[in-house]
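Here is a short briefing for a first look at this structure. Keep the sequence and the 3D view open while reading.

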Amino acid sequence: MYRYDQYDQQIVDARVEEFRDQVQRRIAGHMTEDQFKPLRLKNGLYLQLHAYMLRIAIPYGTLNPDQVRMLGHVARTYDRGYGHFTTRQNIQFHWIKLEQTPDILAEFAKVQLHAIQTSGESIRNISADHYAGAAADEIADPRPWAELLRQVTTFHPEFSYLPRKFKFAFTAAPGDRAAIRWHDVGLRLVRNEAGEEGFEIYAGGGMGRTPFIAELIRAFCPADRLFSYCQAILRVWNRHARRDNIHKQRMKILVHELGVEEFTRQVEEEYAHIATLGTDPPRAEFDRIAAYFAPPAFETGLSEEIDRTDPDFALWVDRQLAEHKAPGYAIVNISLKAIAGIGGDITADQLDVVADLAERYSLGEVRVAHTQNIVLPHVRKADLPAVWQALDAAGLGDVNLDLVTDIISCPGLDYCSLANARSTPVAQKIAQRFADIERQQDLGELKIKISGCINACGHHHAGHIGILGVDRKGTENYQLLLGGSGAEDTTLAKITGPGFDEDGVVDAVEKAIETYRSLRTDGERFLDTYRRVGMEPFKEAIYG
């Protein structure tokens with residue numbers, strides 16, 4: 001993973017001290033909240049319903065054990081003993097005191113973490129496939145390119161005052177684990193017929209009030225020209241963006257209104273000009289960064305055998321592991337969706353356990369998934385029993401990856417000042433309704449995603465079953481959506497009809513799922529059945 005040089009460290013340290021001065025002036029009353037707000041947002045600090053929330057960036061979802069321990073230390077020392085992983089591969093702390101924020105950021109700076117690009121009208125934390133560098137199906141590790149783009153754009157003047165927030169996502173596999181088509185720009189690393197590396201580039205995706213799926217605008221951009229092409233995209237958007245209307249400022253609106261063909265034409269025209277300017281970083285800079293992402297020293301000659309004598313362990317192996325590119329290794333998925341817990345939450349003690357396991361068994365790496373789970377990417381198969389036992393003892397041994405209880409959920413009205421409804425209680429009630437593991441396995445892959453407001457932080461548009469909390473005359477109400485996907489078969493979920501109260505939407509989810517069970521054919525997922533039969537059988541069952 002990338003390690004700071006002296007310049008990186010100086011930048012982050014200087015940012016902390018700058019913010020320390022701003023906080024002191026705010027506390028002393030030398031600036032108003034309106035004056036302070038844009039400054040705190042540039043440092044990932046939000047004012048929510050009950051306290052300040054601090055959001056820390058985890059670029060492309062990669063952490064080392066010292067960084068994970070620091071997350072635990074901050075949770076234990078400055079928060080209420082836990083943190084919340086988000087759908088942008090960040091972590092949030094929801095009970096922060098303003099006067100302690102500079103000290104917290106200084107602590108994070110010691111382990112090369114920061115809050116830059118976690119808020120404001122900026123290029124947000126650049127995300128990536130959480131299996132990157134380990135996955136058996138990727139053509140190469142895309143994270144060096146994500147890091148290069150992060151470094152070039154972070155303080156680039158052209159990208160400092162954007163019309164609205166802007167999101168990149170990277171993958172290098174045919175199976176999309178990064179939801180790239182739900183981003184402003186999605187980038188898939190590919191090879192052309194000559195074997196050269198480049199990128200498929202998708203543009204104009206996003207959720208929220210007006211969701212759109214990104215369109216392919218270039219089938220192959222040479223990798224060395226990635227920054228030039230992304231710069232061209234941002235210039236076209238910056239030129240035309242509706243800065244007078246917050247609901248029309250995102251790039252997805254521009255792509256929709258211009259049409260993908262005209263948008264692409266303008267980007268290609270701009271790119272032809274930018275490509276002559278020599279703005280792309282030299283290859284030597286990419287090579288410098290890529291050296292930090294060299295594959296670990298995997299052992300050779302390891303056994304592929306896994307002892308499945310213990311049925312509970314065998315169940316965990318079958319559900320929580322993914323195929324690794326190196327023989328004798330596996331990718332371990334750790335569920336943060338305990339039945340009685342809160343999706344994405346992890347305690348300080350559990351963070352310490354994960355750090356210890358990564359150090360001992362995962363070659364010093366941890367990944368954060370946009371699905372609000374975490375990953376040990378490089379575990380020897382011979383070490384799997386020890387890892388499983390340690391996770392189970394720490395309350396991290398749930399066996400529900402991609403099943404009905406692996407629910408993505410935003411913090412909702414319990415914390416967020418933007419929310420219209422609570423998300424967490426709904427997720428918990430659904431999880432409890434389907435807690436039986438045999439029932440979960442029988443249903444197979446079924447992705448439920450819940451948002452407490454139209455901003456869609458819970459990705460409800462991309463759920464096989466999506467739930468959106470709305471305010472109906474001062475009462476929490478929940479819309480039910482079906483048929484979404486954030487994978488390579490990206491689709492937009494559709495609203496079934498009138499909304500429900502909290503218990504009603506849980507019942508409606510169960511009716512939709514039982515309808516799927518009655519209609520499915522062998523091997524069909526919920527999403528497959530929905531696509532085959534359409535909305536009507538589900539609506540009839542839900543609304544009767």
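The points below cover strands, one aspartate and aromatic rings.

The model is predicted. Strand β17 pairs with β18 in the parallel sense. D345 has a side-chain polar contact with H84. Aromatic pairs number 19.

- Strand β17 spans residues 448–451. I448 and I450 point one way from β17, while K449 and S451 point the other way. All of these residues are buried.
- Strand β16, residues 408–409, runs parallel to β17 and is joined to it by 2 bridges. S409 has I450 of β17 as its bridge partner.
- Strand β18 covers residues 465–472 and pairs with β17 over 4 bridges, again in the parallel sense. Here S451 is bridged to L468 of β18.

**Around D345**

- D345 sits in strand β13, which covers residues 345–347.
- Is D345 buried or exposed? Its relative accessibility is 16%, and buried means under 20%. D345 therefore counts as buried.
- Leaving out residues up to four places away in sequence, D345 touches Y82, G83, H84 and L336.
- The side chains of D345 and H84 are joined by a polar contact of 2.7 Å.
- D345 and Q372 are 27 residues apart in sequence. Their C-alpha atoms are 8.2 Å apart in space.

**Aromatic rings**

- The count of aromatic pairs comes to 19.
- One of them is F19 with F36, a stacked pair. The ring centres are 6.1 Å apart, with 10° between the planes.
- F19 lies in helix α1 (residues 6–27) and F36 in helix α2 (residues 33–41), so this pair ties together parts 17 residues apart in sequence.
- F19 counts as buried because its relative accessibility is 0%. F36 also has 0% relative accessibility and counts as buried.
- F159 and F227 form an edge-to-face pair. Here the distance is 6.2 Å centre to centre, and the angle between the planes is 80°.
- F159 lies in the loop between α5 (143–153) and β7 (168–171), and F227 lies in helix α6 (residues 226–240), so the pair links parts 68 residues apart in sequence. F159 and F227 are buried.
- Which residues do ring pairs link into a cluster? They are W145, F170, F199 and F286.

**A charge over a ring**

- The charged end of R80 sits over the ring of W95. The distance to the ring centre is 3.6 Å.

Terms used
Residues are numbered from 1 along each chain as its sequence is written. This is a predicted model: local features need pLDDT of at least 70, side-chain atom pairs count only at pLDDT 80 or more; totals for chains, interfaces and linings use all residues. Side-chain values use heavy atoms; hydrogens and water are left out. Buried means under 20% relative accessible area, exposed over 50%, partly exposed in between (1.4 Å probe, protein chains only). Two strands pair if DSSP finds at least two bridges between them. Contact means heavy atoms within 4.5 Å. A polar contact is a pair of N or O atoms within 3.5 Å; within protein, one must be able to donate a hydrogen and the other to accept it, and residues adjacent in sequence count only if both atoms are side-chain atoms. Rings of Phe, Tyr and Trp (its six-membered ring) pair if their centres lie within 6.5 Å; planes under 30 degrees apart count as stacked, over 60 as edge-to-face and the rest as tilted. A charge sits over a ring if NZ of Lys or CZ of Arg is within 6 Å of the ring centre and within 35 degrees of the ring normal.
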